[in-house]
Amino acid sequence: MKKALKYIIILAVSAVLTLLYGYTVGGEYTVWLAFAVFTVSTIISAFFDRKPSNERLLWRIVEIVATAGIVIMLSFHFYGEFNAIASSTVIERFEAKALYGDTRRVDTCRVWFITPEGNEELAVNYDFGFTDEELEVFPYHGGRVIIEECEGTFGAKFYRYVGPAE
């Protein structure tokens with residue numbers, strides 16, 4: 001139970017730290033936020049593992065650093081998802097050429113596309129709800145799609161897939 005409690009506390013503190021950063025500083029996920037999450041995760045892990053043990057010191061250090069690394073990845077994913085899902089403002093809507101598209105579940109799709117500036121980007125839509133007809137015309141290589149450039153809750157830009165271009 002103590003080990004599970006340690007991980008719950010690490011995740012809760014990291015989530016609060018990530019949201020606090022997003023609402024106060026905002027913008028893209030930065031190295032400074034990753035460093036802060038790493039430091040907090042390491043300190044909490046070290047606090048819970050402070051009793052002498054028969055385990056080798058190197059193994060304990062590897063476990064602490066690995067835990068902190070996993071928490072950074074979760075924090076990065078959480079920051080991006082919360083930025084996109086919580087609320088957003090549409091900046092621009094445009095038509096683009098799809099490079100590749102896939103569906104993860106029935107209601108989620110991802111499309112890699114070329115922006116008007118010529119960059120390769122990823123657009124995601126979590127509320128798509130595919131019908132059989134839409135799955136047949138889902139944009140694969142070379143298809144035309146409608147994309148919305150949005151600004152999320154924390155001010156970071158992201159792209160949302162709207163649907164195939166007519």
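Me: Start with α1. Which residues are buried in α1?
Reply: K6, I10, S14, T18, Y21 and G22 are buried in α1. Buried means under 20% relative accessible area, exposed over 50%, and partly exposed in between, with a 1.4 Å probe and protein chains only.

Me: Before we go on, what are the ground rules?
Reply: This is a predicted model, where local features need pLDDT of at least 70 and side-chain atom pairs count only at pLDDT 80 or more, while totals for chains, interfaces and linings use all residues. Residues are numbered from 1 along each chain as its sequence is written, and side-chain values use heavy atoms, with hydrogens and water left out.

Me: Back to the helix. What covers the buried residues of α1?
Reply: The cover includes α2 (31-48) and α3 (57-86). Helices here are DSSP runs of H or I with at least four residues, strands are runs of E with at least two, and both are numbered from the N terminus.

Me: How many residues does α1 have, and what span does it reach?
Reply: Helix α1 (residues 2-24) has 23 residues. From first C-alpha to last it reaches 33 Å, close to the 33 Å expected at 1.5 Å a residue. That expected span is 1.5 Å times one less than the number of residues.

Me: What follows α1?
Reply: G26, with a positive phi near 75°.

Me: Now the strands. How do β2 and β3 run, parallel or antiparallel?
Reply: Antiparallel, with 6 bridges joining β2 to β3. Two strands pair if DSSP finds at least two bridges between them.

Me: What do β2 and β3 form?
Reply: A hairpin, with 5 residues between the strands. G118 in the turn has a positive phi of about 95°.

Me: Why is β2 largely enclosed?
Reply: 5 of its 7 residues are buried, so the rest of the structure largely encloses β2.

Me: And where is T115?
Reply: In the loop between β2 (108-114) and β3 (120-125). T115 counts as buried, at 4% relative accessibility.

Me: Which residues does T115 touch?
Reply: E121 and Y159, leaving out residues up to four places away in sequence. Contact means heavy atoms within 4.5 Å.

Me: Switching to charges. How many salt bridges does the count come to?
Reply: The count is 4. A salt bridge is a side-chain nitrogen of Lys or Arg within 4 Å of a carboxyl oxygen of Asp or Glu.

Me: What does E95 form a salt bridge with?
Reply: R144, with the closest N and O atoms 3.2 Å apart. E95 lies in strand β1 (residues 88-105) and R144 in strand β4 (residues 144-152), so the pair ties together parts 49 residues apart in sequence. E95 is partly exposed at 44%, and R144 is partly exposed at 40%.

Me: Which residue pairs with R160?
Reply: E148, with closest N and O atoms 3.3 Å apart. R160 is in strand β5 (residues 157-164) and E148 in strand β4, 12 residues apart. R160 is partly exposed at 22%, whereas E148 is buried at 11%.

Me: What about K157, which residue is its salt bridge partner?
Reply: E149, the closest N and O atoms being 3.0 Å apart. K157 is partly exposed at 48%, and E149 is buried at 9%.

Me: Which residues are joined into one network?
Reply: R93, E148 and R160, through salt bridges that share partners.
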